Amino acid sequence: MEENHSSSFNGILLEMDELISTDALLGGFVGDGSVNIHGRSVKRAHTGRWKASLFIIGVEIAERLAYAGILSNLVTYLTDVMHESTAAAAKNVNVWSGVASMLPFVGAFVADSYLGRYWTITLSSIIYLMGLILVTLSASLRSLNGIGVFFFSIYLVALGQGGHKPCLEAFGADQFEEDDPVEKKHKSSFFNYWYCGICIGTLIGVTVLSYIQDDVGWGLGFGIPAVTMSIALFIFLCGTRFYRHKLPSGSALTRIIHVFVATFHKWNVSTSHQEKRKVAAATEREVLKFGSRRQYLLTDQFRFLDKATVEDELDRECKATRNWRLCTVQEVQEVKAVLGLSPIWMSCLIFGVVFAQSSTFFTKQGATMDRKIGHFEIPAASFQCFISLSIILLLPIYDRIFVPIARNLTGNERGITFLQRIGTGMLISILSMIVAALTEIKRIKVAKDNGLVDKPNATIPLSIFQLLPQYMLFGIADVFTMVGMQEYFYDQMPDTMKTLGIAVYLSVLGVGSFLSSIIILVTEKLSCRSNGSCWFVDNLNKAHLDYFYWLLASLSAINFCIYIFLANCYKYKNAQNNISYQEESCRARTILAS
């Protein structure tokens with residue numbers, strides 16, 4: 001009877017494979033399970049691809065402009081308007097930025113489990129807009145001009161961004177089918193142009209809005225992001241009929257917990273001869289629901305989790321809808337894929353720490369220097385635009401020139417692997433910290449030579465353009481590491497957890513900001529306690545930012561060596577090897593039948 005059931009189950013899989021491939025080829029339908037907003041199958045020619053993703057990139061440009069209008073000059077607002085110290089303002093900015101980068105986990109969970117990406121983006125955009133309006137009112141009206149109201153409003157912005165950011169990027173990548181060779185190449189280009197769009201929005205935010213905030217008024221400077229966000233929501237809704245949607249797949253967190261609970265229940269089960277034992281098979285209901293999902297082959301990583309797939313007498317007697325003592329092979333393999341990303345994620349955190357400096361100490365550093373071009377004074381925060389300019393100029397070169405050349409040399413369709421791209425950016429970020437330290441040494445020397453050490457408000461006769469190399473190196477590093485992390489975490493996540501993959505990437509920046517705050521706090525206390533010469537004081541001419549930059553360069557160098565080791569040990573998931581769903585499902589049936 002068990003053999004008949006197994007034969008029936010395998011027959012269903014085979015019929016579904018044939019149905020998917022035939023439907024996709026003869027009817028021109030997308031073969032990855034994508035649907036329209038009404039839940040119906042979509043044709044490849046009428047939906048997705050660049051016609052849909054251009055709407056999404058346009059939305060991201062507008063959203064990043066709004067976000068940069070808050071973040072880029074936030075440290076100045078806290079010191080000049082809220083009268084916080086430099087160290088306190090930098091820590092508050094880092095904490096807020098960290099929270100904003102961690103909240104995408106909430107957005108990803110809601111999108112992948114319940115609402116789907118489209119409706120999560122729409123809802124979070126409304127929350128985002130409400131926060132921006134409240135920020136504007138807080139800066140404009142005296143009755144609301146309190147630090148409590150201001151912090152509530154910017155954390156409301158962070159909450160909206162937490163749902164908007166991971167879902168929008170994953171939704172954009174969803175517009176390209178993974179199993180279509182042409183669309184797969186376009187998906188790789190999408191991540192490059194997506195980040196280029198981010199930089200265009202950021203560039204406008206840190207130049208135009210920083211100038212308005214410094215020289216016109218904070219009310220108008222915060223009001224423009226609110227208007228821009230409303231435009232972004234309108235653009236997103238206009239593209240609705242072109243979008244491909246992926247249906248929510250249920251709680252990823254529940255599936256992950258399920259695997260660990262089942263493993264705990266069977267901690268004493270031997271898996272040395274598991275291939276010869278009965279393993280759990282997906283139910284027919286799951287096949288009908290997730291038939292278009294690509295299947296994972298069995299791996300040797302984290303073999304202790306394989307215990308969760310071993311079926312015993314208690315499992316056969318269990319009548320519950322969800323047996324918490326037993327998992328399918330695919331559920332276990334998905335959890336293995338997530339765990340396999342954790343070492344690389346941890347090795348990227350120091351890059352997140354370095355990344356946090358451009359919007360905090362770099363800005364305060366530039367504020368002490370000569371910022372005049374003729375009669376025009378450049379806002380210190382607007383110098384972050386050179387990071388965006390570097391990226392905007394280099395990304396098309398990377399995509400159109402570097403990738404084809406590297407593809408011919410390596411045979412990799414992306415030119416270089418995800419991890420090679422990330423590692424290259426890490427190396428460049430070390431150089432940026434070294435250059436920043438050397439520039440700070442020069443700035444302090446000029447201040448001493450001109451007797452300005454005890455005059456914190458005096459302008460040091462050193463052009464702010466001395467900071468240009470460190471900003472541009474930041475941009476070059478981002479072309480490699482930031483875009484590489486986006487593509488890596490999206491690609492290597494299971495198909496049902498793609499939004500979570502973007503959230504994991506964003507969490508690198510979030511945790512990096514938290515770590516930056518902790519490092520600042522610890523070094524501030526240690527340096528003040530040791531010899532009285534604090535590294536962080538309000539008078540930057542008496543501070544030692546150069547010591548801090550050397551510290552980050554040293555930590556980055558140590559971390560880079562660890563990253564190289566971990567990257568060499570990492571095994572890419574089978575999807576990167578271009579194993580199609582049908583090939584994998586056939587192999588899975590062979591394993592299950594044996």
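Let's start with Cys 167, which is buried at a relative accessible area of 0%. Buried here means under 20% relative accessible area, with exposed over 50% and partly exposed in between, using a 1.4 Å probe and protein chains only. Keep in mind that this is a predicted model, where local features need pLDDT of at least 70, side-chain atom pairs count only at pLDDT 80 or more, and totals for chains, interfaces and linings use all residues. Residues are numbered from 1 along each chain as its sequence is written, and side-chain values use heavy atoms, leaving out hydrogens and water.

Staying with cysteines, Cys 199 is buried too, at 3% relative accessibility. Its sulfur has the one in Cys 196 as the closest cysteine sulfur, but at 6.5 Å that is too far for a bond. A disulfide takes a pair of cysteine sulfur atoms within 2.5 Å, and the structure holds 0 of them.

Now zoom out. The protein chain has 21 helices and 4 strands, taken as DSSP runs numbered from the N terminus (H or I, at least four residues, for helices; E, at least two, for strands). Of its 594 residues, 57% are buried.

Ser 556 counts as buried, with 5% relative accessibility. Leaving aside residues up to four places away in sequence, Ser 556 touches Ile 350, Val 354 and Ile 430.

Terms used. Contact means heavy atoms within 4.5 Å.
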